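Colleague: I have not seen this structure before. Could you take me through it in questions and answers?

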Amino acid sequence: MCGRFALPTPEELASHFNLKKMPELEPRYNIAPSQDVAAVRLMPGTPDRELVILKWGLIPFWAKDKKIGYKMINARAEGIAGKPAFRAAFRYRRCLIPALGFFEWLHTTKTKQPYFVMLKETDILAFAGLWEHWQGEDGEIIESCTIITTGANQTVCKIHDRMPAIIEPGQYENWLDPQAANQALLSMLKPFPDQQMVVYPVGLGVNNPKNDNPDCLAEIKDN
């Protein structure tokens, strides 16, 4: 799964995703479920990309209660095209969720040791995401998202059996393409090459989502 991650700087986002406009963003080092996250999607009716702020935890457009979003922070890639909660978003509302990397926890007999997972050659990556537009009976509107997960590669499986599906830069356009066929999309939802990733232990401070500072990413000696 993916339960926490960190966000690149606005300058990195604009350059990497070829964005013409950027909303104001604060540095983030420990983003948690139900919080606001940055996502890249196509502007309606154009090939241009936009960066928007979405709530992490997808609320299907047909949901009666927005609280369902707390259970929808991740969507398993397996069978996603046919699952009622995700099939409409998978077909029509795909996005890229930028990150520096993500946190995962190794359960030991003593504690849950957090690790940070990132790419070796670059400081920015993009999770495969879905987004939804929901309107409650009282008129409240929420745009939300979920991160798609797949089986872990050989690097990540040492700490967890799942990982976010990471879209390679050369596939960004295809992932966002509203005309893309399901089979082509599903082929992108695979474990990222393990030799291109690195995992290292970080301090227990990241366990508290109130801690959102660069120290969350600091490597510690693995005991």
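**Burial, fold and aromatic pairs**

Colleague: What share of the residues of the chain counts as buried?

Modeller: This is a predicted model. A residue is buried if its relative accessible area is under 20%. Of the 223 residues of the chain, the share that counts as buried is 48%.

Colleague: How many helices and strands are there, and what is the radius of gyration of the chain?

Modeller: The chain has four helices and twelve strands. For 223 residues the globule rule gives 17 Å, and the chain comes close to that, so it is as compact as a globular protein of that length. Its C-alpha trace spans about 50 × 40 × 35 Å along the principal axes. The radius of gyration is 17 Å.

Colleague: What percentage of the contacts with a separation of 6 or more comes from residues 24 or more positions apart?

Modeller: A contact here means heavy atoms within 4.5 Å. Among the contacts in the chain with a separation of 6 or more, residues 24 or more positions apart account for 67%.

Colleague: In what order do the strands of the five-stranded open sheet lie?

Modeller: The pairing in this sheet is antiparallel. Strand 2 (28–31) and strand 12 (197–201) are the edge strands, since each of them pairs on one side only. Neighbouring strands are turned by 25 degrees against each other on average, direction ignored. The order is 2-1-7-8-12.

Colleague: Is strand 3 largely enclosed or largely open?

Modeller: Strand 3 covers residues 36–42. Five of its seven residues are buried, so the rest of the structure leaves strand 3 largely enclosed.

Colleague: Which residue in the turn between strand 3 and strand 4 has a positive phi?

Modeller: Seven bridges join strand 3 to strand 4 (residues 49–56), and the two run antiparallel. One of the paired positions is Val 37, whose bridge partner in strand 4 is Leu 54. The two strands form a hairpin with six residues between them, and the turn residue with a positive phi, about 75 degrees, is Gly 45.

Colleague: Are the rings of Phe 17 and Tyr 172 stacked or edge-to-face?

Modeller: The whole structure holds eight aromatic pairs. In the pair of Phe 17 and Tyr 172 the ring centres are 5.3 Å apart and the planes stand at 20 degrees, so the pair is stacked. Phe 17 lies in helix 1 (residues 10–17) and Tyr 172 in helix 3 (residues 172–176), so the pair ties together parts that are 155 residues apart in sequence. Both residues are buried, and the geometry is stacked.

Colleague: Which residues form one aromatic cluster with Phe 102 and Phe 127?

Modeller: Phe 102 and Phe 127 make an edge-to-face pair, 6.1 Å centre to centre with 65 degrees between the planes. Phe 102 belongs to strand 7 (residues 101–107) and Phe 127 to strand 9 (residues 125–135), so the pair ties together parts 25 residues apart in sequence. Both are buried. The cluster also holds Phe 5 and Trp 56.

Colleague: Does Asn 18 count as buried or exposed?

Modeller: Asn 18 sits in the loop between helix 1 and strand 2. Its phi is near 55 degrees, a positive value in a residue other than glycine. The relative accessibility of Asn 18 is 61%, so it counts as exposed.

Methods:
Residues numbered from 1 in each chain as written. Predicted model: local features only at pLDDT ≥ 70, side-chain atom pairs only at ≥ 80, totals over all residues. Heavy atoms only, no water. Pairing = 2+ DSSP bridges. Axes fitted to C-alpha atoms, helices over the stretch in contact; angles between N-to-C directions. Rg over C-alpha atoms; globule rule 2.2 N^0.38 Å. Buried < 20%, exposed > 50% of the residue type's maximum accessible area, 1.4 Å probe, protein only. Phe/Tyr/Trp six-rings, centres within 6.5 Å; stacked < 30°, edge-to-face > 60°.
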